[in-house]
Amino acid sequence: TGRLALYLLGLQATCPPPSPHRSLVTWLKYYLEEDWTGSRRHGHPLTSHYQYGLGVLALCVHHKRVREEVIRRLLTAQHHGRLGHGGNTVDTEAVVALAFTCLEQRRLVGTGLAAELRAAAHKASRSMAEAQGPDGIIGNIYSTPWALQVFLATGTCQTEPAFGQAMAALLENLEAFGTTATMAQVLPVLHGRSYLDIASMQCQEEPDTLTPLDIEPPTEVPGNKTVQLVVECPLPWCYDLRLYDRPVPVPAAASLLDVLQAAAALEPHDFRFHTQDTLQGPFLTQVLGLEARQEKRNYWQLLTAPNTPLQMGIADYRPQDGETLILRLSEW
């Protein structure tokens, strides 16, 4: 659902002829109905509220109506605080708020529901402002562009102090946005736009200025480093708080993912992990046989000692020599 939604958003932004993607829009409506079935049976979508919200947003940008029942699933989830954990909460709340704002502004719902959606979007905007840290980041560095898109789409960017602080933090951390998916989230914000602006683009006025770019491979960093890798499970049902605590030697340019792979190669019986591929890169789902599951409301939190959450994913974060990295199974 999420991949198709993002593809359709990107496709619409390239001003294509209308015919090639009509069937894809129909497929997206089908997947949303399938997700709604999952929500009815299990209390949450078969994918996630994030992907579900992206699907509604993409349909709205394509000027397609969505059944009220489908929309109310998102309203109910927001009302009961079921939209995620940590930085993921900001991501999901932002996507849902953008979908609500699009439906209301494009007049694809009735007057009564439009008022509810407007109120819910502004509630999400206030929630994001309250979630802002002293460094200006909202949630984490990757969720900050989503929050900024909401401020822009709802018009609160002019009056919300959090907007300027978050934008300053974003400009200081642009090197973190190295994948296509993260670039796609941050570029509209840098131009004062949100994904909602795709719906009102005047395609005949769009110049064809796209040119290929030769990207140089990253330079190799000589030498090695040692990272202390710690796995913690503070939850009541774990037999011990600290499940793993070992130094792991790796090349100097190694990422956290490289550290995990090196630990697994050093001690295949003592350390094992699994990841899930996402548009933002690999996502840590299981460590030492302990699986993070949405229905159990837990996740693997990434920290640098003593207690600082990482602002990057496992493939992007590159620890320093002697740094202690903590993988902590946490609840939300």
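In which helix does Leu 187 lie? I looked it up and found Leu 187 in helix α9. Helices (H or I, at least four residues) and strands (E, at least two) are DSSP runs, numbered from the N terminus.

I noted the basis first. This is a predicted model, in which local features need pLDDT of at least 70, side-chain atom pairs count only at pLDDT 80 or more, and totals for chains, interfaces and linings use all residues. Residues are numbered from 1 along each chain as its sequence is written, and side-chain values use heavy atoms, with hydrogens and water left out.

Buried means under 20%, exposed over 50%, and partly exposed in between (1.4 Å probe, protein chains only).

**Strand β8.** I turned to residues 324-331, strand β8, where 6 of the 8 residues are buried, so the strand is largely enclosed by the rest of the structure. I then listed its partners; two strands pair if DSSP finds at least two bridges between them. Strand β1 (residues 224-232) runs parallel to β8, joined by 5 bridges. On that side I found Val 231 with Leu 327 of β8 as its bridge partner. Strand β6 (residues 298-304) runs antiparallel to β8, with 7 bridges. Here Tyr 299 stands opposite Ser 330 in β8.

**Whole chain.** I counted 10 helices and 8 strands. Of the 332 residues, 48% are buried. I also took the contacts (heavy atoms within 4.5 Å). Among those between residues at least 6 apart in sequence, 64% join residues at least 24 apart.
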